[in-house]
Amino acid sequence: MPEQVQQAVSNQEIAAQMEYAGRAKSLLSQRYSHPPMAYVHSFGCQQNQSDGEKIKGLLAQIGYGFTDQVENADLVIYNTCAVRENAQDRVFGNVGALKPVKQERPDMLIGLCGCMMQQNSVSEKIKKSYPYVDLVFGTHALHLLPELLFRRVSGEKRQFSNAEGPGRIVEGLPLRRDGSIKANLPVMYGCDNFCSYCVVPYVRGRERSRRPEDILSEARELVRQGYREITLLGQNVNSYGKGLPEPVDFSDLLREINRIEGDFQIRFMTSHPKDCTRKLIETIADCEKVCRHIHLPVQSGSNRILKAMNRRYTVEGYLELIDYARKCIPGITFSSDIIVGFPGETYEEFRQTVELIKRVRYHTLYTFIYSPREGTKAASMEDPIPEKEKSRWLRELLAEQDVIRGELQNNLIGKTIRVLADGEGKSGEGWISGRTASNDIVEFIAPKETIGSFITVEIERALNWASFGKLK
Ligand code: SAH
Ligand code: SF4
């Protein structure tokens, strides 16, 4: 039997959870005199947001309505992120703030899940120091939510589920999507890359790809429902397909989704530079629905640091990819993640990162100061540069990026571009906001009915955070 099939949660297991959902629903109707309400907040990356939609789907099945105020909630769930320390601290802060709320309303339930909860040290800390938390479940146990909730509501002790293991594929869970214009579509889970600073492979398990037919049928359904943008998600979409019984890679998948008829566009993230092939670039060039933009995180502009990060590409190889993409796809834009202050990084090495961003001229940078993560290789490396100095480096980098961004934004003035109108603008009454292929914000005056459609805007002025124009 192919490995991938063994990794799937079976239909019977899902059916058992649906049965628990029904039983939890009837217990909750006895517990509360009103329809129960849930507050669900997901921290961190799109993958976590996507998991949050599954959590909400399961809760809807159990009969919960949803509120965006903790004060009105009978169940509060924090879907946590472990990628950096400040994300983790915020979760502890929020959970601490729930203590007096729960004292006042003891029948309120509190659940914690996601990447932090997959770590034993965190789950133990919650067990010991946060006795008012009812449910703790890691990324591998998301689909067990109905059972855990049922057990707790039926009077069993606090529920903890963070079993270790490679992780499995779960298909067929109910979903409650956050938006009606843009949708996230996970194509794979987990990560096998073990970049030396990163906790993700430890908390999300091994790389595993969804079957192409499952992805395609979800994509078709999204298009049928009128979604205008689909973002294909994975920690490293470029290794999609490894371990599947059929020979398929990410470029093949992209081509198949591009073939679906309808007025929609495709994005994807994240693309690891070490696996970003010329075939992928040529596929983007060929597929008219794929946005002319790649999020291609470089992390550092120093070959010594890239090696210490275990990124397995060089600055030269990275720049060759950028140049090839620019040659094949005129007008393509890039964004990147950058880590400043990796252990042992010198000021000169940091400056190489600045030189790289000046060379590539990214539309958007997501910048982070290195944060040591327990259990990773980098956490035990010498790290002599003080945090204050790293913050100064980061400000230096951001100032350079601001100049680049300003120039790129100014270049838009006078251009006519296609945007997806996705909500009300920030510029006042009548203004609508949209996104370009580079995911940049454009605001324009238009009827509210334009929200959810592609329109053309002529850009008249530009600031760093957005540009402004009129309908063409
Ligand atoms: N799979 C994606 C990234 C997932 S994490 C990729 O490989 O590109 C998102 C970003 O968080 C990373 O790209 C990195 O820039 C940052 N990050 C991850 N671990 C970090 C750490 N320990 N300290 C600071 N930034 C980190
Ligand atoms: Fe983390 Fe590297 Fe995997 Fe991205 S590719 S999730 S940075 S280990």
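Visitor: Why is asparagine 439 called partly exposed?

Guide: The model shown here is a predicted one. In it, asparagine 439 has a relative accessible area of 29%. Buried means under 20% and exposed means over 50%, with partly exposed in between. The value of 29% falls between these cut-offs, so asparagine 439 counts as partly exposed.

Visitor: Where is asparagine 439 found, and what is its phi?

Guide: Asparagine 439 belongs to the loop between strand E16 (431-435) and strand E17 (441-445). Its phi is near 70 degrees, a positive value in a residue other than glycine.

Visitor: Why is asparagine 310 called partly exposed?

Guide: The relative accessibility of asparagine 310 is 29%. Asparagine 310 lies in the loop between helix H11 (303-308) and helix H12 (315-328), and its phi is positive, near 60 degrees.

Visitor: What makes glutamate 396 buried?

Guide: Glutamate 396 has a relative accessible area of 19%. Because buried means under 20%, this value places glutamate 396 among the buried residues. The residue is part of helix H14 (residues 387-411). Setting aside neighbours within four places in sequence, glutamate 396 is in contact with Tyr347, Phe350 and Arg351.

Visitor: How do you know that the side chains of glutamate 396 and tyrosine 347 make a polar contact?

Guide: The distance for this pair of side chains is 2.6 Å. A polar contact requires N or O atoms within 3.5 Å, with one able to donate a hydrogen and the other to accept it. The distance of 2.6 Å is within that limit, so the pair is listed as a polar contact.

Visitor: What makes helix H6 mostly covered?

Guide: Of the nine residues in helix H6 (residues 145-153), seven are buried. They are Leu145, Pro146, Glu147, Leu148, Leu149, Phe150 and Val153. Among the elements that cover them are helix H2 (11-31), helix H3 (46-61) and strand E3 (75-80). Glycine 155, which follows H6, has a positive phi, near 105 degrees.

Visitor: How do you know that serine 371 and ligand 1 have polar atoms within the cut-off?

Guide: A polar backbone atom of serine 371 lies 2.7 Å from a nitrogen atom of ligand 1. The cut-off is 3.5 Å, so this pair is within it. A polar side-chain atom of glutamine 299 is also 2.7 Å away, from an oxygen atom of ligand 1. For an N or O atom in the side chain of arginine 311, the distance to an oxygen atom of ligand 1 is 3.4 Å, and therefore this pair too is within 3.5 Å.

Visitor: How much of the accessible area of ligand 1 does the protein cover?

Guide: On its own, ligand 1 has 540 Å² of accessible area, and the protein covers 90% of this. By class, the shell around ligand 1 has seven nonpolar, four polar and four charged residues. Domain 2 (179-291) and domain 3 (296-411) each give at least three residues to this shell.

Visitor: How far apart are the C-alpha centres of domain 2 and domain 3?

Guide: These centres lie 24 Å apart. The contact takes 19 residues from domain 2 and 24 residues from domain 3.

How values were computed: Residues are numbered from 1 along each chain as its sequence is written. Chains are lettered from A and ligands numbered from 1 in the order in which they are written. This is a predicted model: local features need pLDDT of at least 70, side-chain atom pairs count only at pLDDT 80 or more; totals for chains, interfaces and linings use all residues. Side-chain values use heavy atoms; hydrogens and water are left out. Accessible areas come from the Shrake-Rupley method with a 1.4 Å probe; for residues, only the protein chains shown count as cover. Ala, Val, Leu, Ile, Met, Phe, Trp, Tyr, Cys and Pro count as nonpolar, Asp, Glu, Lys and Arg as charged, and the others, Gly among them, as polar. Domain bounds come from an automatic or database domain assignment. Helices (H or I, at least four residues) and strands (E, at least two) are DSSP runs, numbered from the N terminus. Buried means under 20% relative accessible area, exposed over 50%, partly exposed in between (1.4 Å probe, protein chains only). Contact means heavy atoms within 4.5 Å.
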